[in-house]
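Morning, everyone. Please take a look at the structure on the screen, and I will walk you through it.

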Amino acid sequence: MLSAKSLFQEILDNDESFRLFCSIAASGESQGGWENARIAALVPQSERALAPKITRHGADEDKHGRIFNALMKKRGLEPVPVPPETDYTMLLEQGGIGLAHDKLKADQPLTVQDVVTYLAHSRVTEQRASEQMELLRKHFADHPDLGRAVKMISHDEDNHLAYCHEELLRFARAGHGRAIRRTLRETALAEIRIYRDVSLAVMSHMGRILGWSRPKAAVLVAGIHAVYAWERCAGWRRMVSLKMPERRDALGGPTTTAPGFA
Ligand SMILES: [Fe+2]
Ligand SMILES: [Fe+2]
């Protein structure tokens, strides 16, 4: 039976697919870490209070990148180059979603609108991260090698999502509601397309490595298109709602360490 669990299991069991999976994940996490560190450095004076949380957000993502690298190392595997068509973070940036890397590389302070854009982009991408990690946690929380990593990353991604909700609601109260709604909508509609394209690309690489039959690959492609169809017609709305989280100030305080990993 083809299920999310059996698919992941197959990817984890093969060194080649496992290291592609970890390399893609590690690269996305560390790009996120770099982006957050730059945003924290360029936060405008009026929003300085947010800087430590953005720094913490970036430190968490960097830690996730190190965890995925450590998982490879534990199996004696070296990272592989990430195929560009599987590079979710880079494709979002190239699609004009979130803050452009040119802006983050410059030494000009960001505007309040930029901070709102960053938070809206994170609101959408952290939803994706949180759901994906929840899926992994559901199936692999007790896995001897992956369990602890998956639980830790999943907990962090939930915190990131809670933080985005809380801060965006604060900006909405301060009069940025329209810009937030517009940016969330644009970001979500672009993200679901890029997520579909990246999923198709990742599956095609995995299929080659694992020698999937044509019918099996066809079922997976159809599944990815079905998810997109659902997200395009209704599912995207879950990525743009704002609700005060139960856990407030989720990124207050320093990042947690990952002993044994990174
Ligand atoms: Fe992460
Ligand atoms: Fe995150």
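One term before anything else: buried means under 20% relative accessible area, exposed means over 50%, and partly exposed lies in between, with a 1.4 Å probe and protein chains only. This is a predicted model, where local features need pLDDT of at least 70, side-chain atom pairs count only at pLDDT 80 or more, and totals for chains, interfaces and linings use all residues. Residues are numbered from 1 along each chain as its sequence is written, chains are lettered from A and ligands numbered from 1 in written order, and side-chain values use heavy atoms, without hydrogens or water.

Now the fold. The chain has eight helices and zero strands. Helices (H or I, at least four residues) and strands (E, at least two) are DSSP runs, numbered from the N terminus. The radius of gyration is 18 Å, close to the 18 Å that the globule rule gives for 262 residues, so the chain is as compact as a globular protein of that length. That radius is taken over C-alpha atoms, and the rule is 2.2 Å times the number of residues to the power 0.38. The C-alpha atoms fill a box of roughly 55 × 45 × 35 Å along the principal axes. Buried residues make up 51% of the 262.

Contact means heavy atoms within 4.5 Å. Among contacts between residues at least 6 apart in sequence, 84% join residues at least 24 apart.

Next, helix H1, residues 4-13. Its buried residues are Leu 7, Phe 8, Ile 11 and Leu 12. They cover an arc of only 130° around the axis, which puts them on the same side of H1. The arc is that of the directions from the helix axis to the C-beta atoms. Their cover includes helices H2 (15-42), H6 (112-140), H7 (147-210) and H8 (214-233).

On to the cores. A nonpolar core is a set of buried Ala, Val, Leu, Ile, Met, Phe, Trp, Tyr and Cys residues joined through side-chain atoms within 4.5 Å. The largest has 28 residues, and those touching the most other members include Ile 39, Tyr 118 and Phe 171. H2, H6 and H7 each give two or more residues to this core. H7 gives the most, with nine. Ile 39 touches Ile 54, Leu 99, Leu 104, Leu 110 and Tyr 118, leaving aside residues up to four places away in sequence. A second, separate core of 22 residues includes Ala 26, Phe 68, Leu 136 and Ala 258.

One last stop: Asp 249, in the segment after H8. Asp 249 has a positive phi of about 50°, although it is not a glycine. With a relative accessible area of 37%, Asp 249 is partly exposed.
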